[in-house]
Amino acid sequence: MCGIVAYVGPKDAAPILLEGLQRLEYRGYDSAGVVVSNKGLKMRKVKGRVADLAAAVPARFKGTLGIGHTRWATHGAPSDVNAHPHLSADERIAVVHNGIIENADELRAKLEADGAVFLSETDSEVLSHLIARTVEEADSLEEAVRGALKRVVGTYGIAVIDAQRPGEVVVARNGSPIVLGIGEKEMFAASDVAALVRYTRQVVHLEDGELAVLRADGFHTFASDARETAKEPLTVDWDAGHYDTGGYEHYLLKEISEQPETVARTLRGRLDDRFHIAHLGGLNMDARETRSFRRVKIIGCGSAYYSGQIGAQLIEELARIPADAEPASEFRYRSPVVEPDTLYVAISQSGETYDTLAAVQELKRKGGRVLGIVNTVGSAIAREVDGGLYLHAGPEVSVASTKAFTSTAVAFALLALHLGRVRDLSPADGRRVCEGLRALPGQIKEILALEPQIKELAGKYADSPSMMFVGRVRGYPVAREGAQKLKEISYVHAEAYPASELKHGPLALIGPEMPTVAIVPDDELLDKNLTTLGEIRARGGRVLMVGHRTADPKLADDCLVVPRNEIELDPILLSIPLQLFAYHAAVALGRDVDKPRNLAKSVTVE
Ligand code: F6R
């Protein structure tokens, strides 16, 4: 998704902007641009990589104020002209924009009728023209920006500079994140803290409808009605090192390999060995309230939704509360019935996924009690919910989610333990779950040690045109996530089905060309799963079984054996070999592992 960086201070802006844009590359983009102010605006923008932009920026591109952008095309193809920034006709105003302006066609028609000449096909260019119309008479740049934004319908995160006010940047947010970074006699802004952490750890998140004016000596924030707002800076505990590959070939492999520590961090300080409970102070609920819920509804998108399915199963099993998960992107559109005795849980690694945020806002409007399971501290979803748990997994840079997925499942185990122990979960079962959770980091290390075997298997199956993933009950979300990982990074078509559903249709696909990855834990459904394997093999299908034991060669061609934990927690461990399988399949096929085509790290548009 698009990225924004802005700087004002004593230093040369261009290197800071370019470095910031590089830090945002992981989010996905197709073109990039920068503009600096120094006796007029100097701009460069290119289709392609930030490295191409850096090469196009001349040595004499001086200026201590500037804005930059990485674009992910929505309106108009990726091209030099469609890249941001966009200038006004008189080259006085420059704008970068994330989000979508829904009434852009209407505004454009009006501006064109009024003599404006548009250079690009983007929706964003209307902003530079609109601001330029009023900046002359306005008392300040922020007044002109505010006036322009009043005419806009849609979502935006923007940064604006005015050649005639070379000491200030105006930024504004509505549905698309903007974070301010506070430096020593310098100010930064960006759409993601990743672009800021090299320079400062003191940040301020803008709320929807807010606008900020940045000058080298500080900042002011304003609500949409122009009233000044008071903001407390937050200290981020992620530093620039978190955004390096740390010697790994890809961020994805680094993040998969970090899971013993990231899972330990999600658990840290939250398990109580005396009462076998989980300490989750961030939920902001007392025991009476915690007991009052009769249902749990979990929402999230993509892999976050699949981890929510694992979470629903954990809550039903451990707390005996009916629970289910639904894609947030669907939930928000179907006018859901919001019940007072339902606990809603929204999941998001980034905390900025627009569909999930909009679903949370809809729930709040209808009086729903919403918890968040979020990785990014201070993100929009974290700010919107009534309470929740942070994952503490550190920034996830690779587009495909791995460590956030497992940490979310672990967070759900904690939540299930918490909900269970104020209900009927016995101390003995509480202890069993606590011990299982404590064993996870060590067991993940054992799974990571299987990498050479997994790599070999990935090489063996990677040339299949299509793969089937199956699992039953606890294994089904694992299968879904396994298929998701494989398809998004290797582009191998993959389908996930409950194993029980195979004979109701998809069995017709099974044959030598369609291998199956079967999730077969040693649980009460083992025999049923083995029967399914027999059915697949009888149709000539190859089988890779992922579970706790090796199978008769009549049932599986290959077996990947992972350590056992408690049956409720096994899905967390079973997911990890599938991440490595997808990773090595993608590498074998020569894919762009960290930035798969057409995808963005955090989807901040509808
Ligand atoms: C898949 C993946 C996506 C995200 C989804 C939600 O590997 O990363 O499916 O899980 O876009 O993102 P967050 O968790 O940031 O809300």
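A polar contact here is a pair of N or O atoms within 3.5 Å; within protein, one must be able to donate a hydrogen and the other to accept it, and residues adjacent in sequence count only if both atoms are side-chain atoms. This is a predicted model, where local features need pLDDT of at least 70, side-chain atom pairs count only at pLDDT 80 or more, and totals for chains, interfaces and linings use all residues. Residues are numbered from 1 along each chain as its sequence is written, and side-chain values use heavy atoms, with hydrogens and water left out.

Start with the ligand and select E488. One of its polar side-chain atoms lies 2.4 Å from a ligand oxygen. Next, pick K485: an N or O atom in its side chain is 2.9 Å from an oxygen atom of the ligand. Then go to S401. Here a backbone N or O atom lies 2.9 Å from a ligand oxygen. The ligand exposes 410 Å² when taken alone, and the protein buries 89% of that (Shrake-Rupley method, 1.4 Å probe).

Now show the shell (residues with a heavy atom within 4 Å). It holds 14 residues, with S348, Q349, S350, T353 and E488 the closest. Colour by class: four are nonpolar, eight polar and two charged (Asp, Glu, Lys and Arg count as charged; Ala, Val, Leu, Ile, Met, Phe, Trp, Tyr, Cys and Pro as nonpolar; the others, Gly among them, as polar).

Switch to helices (DSSP runs of H or I, at least four residues, numbered from the N terminus). α9 (303–319) and α16 (475–490) each supply at least two shell residues. α16 gives the largest share, three residues.
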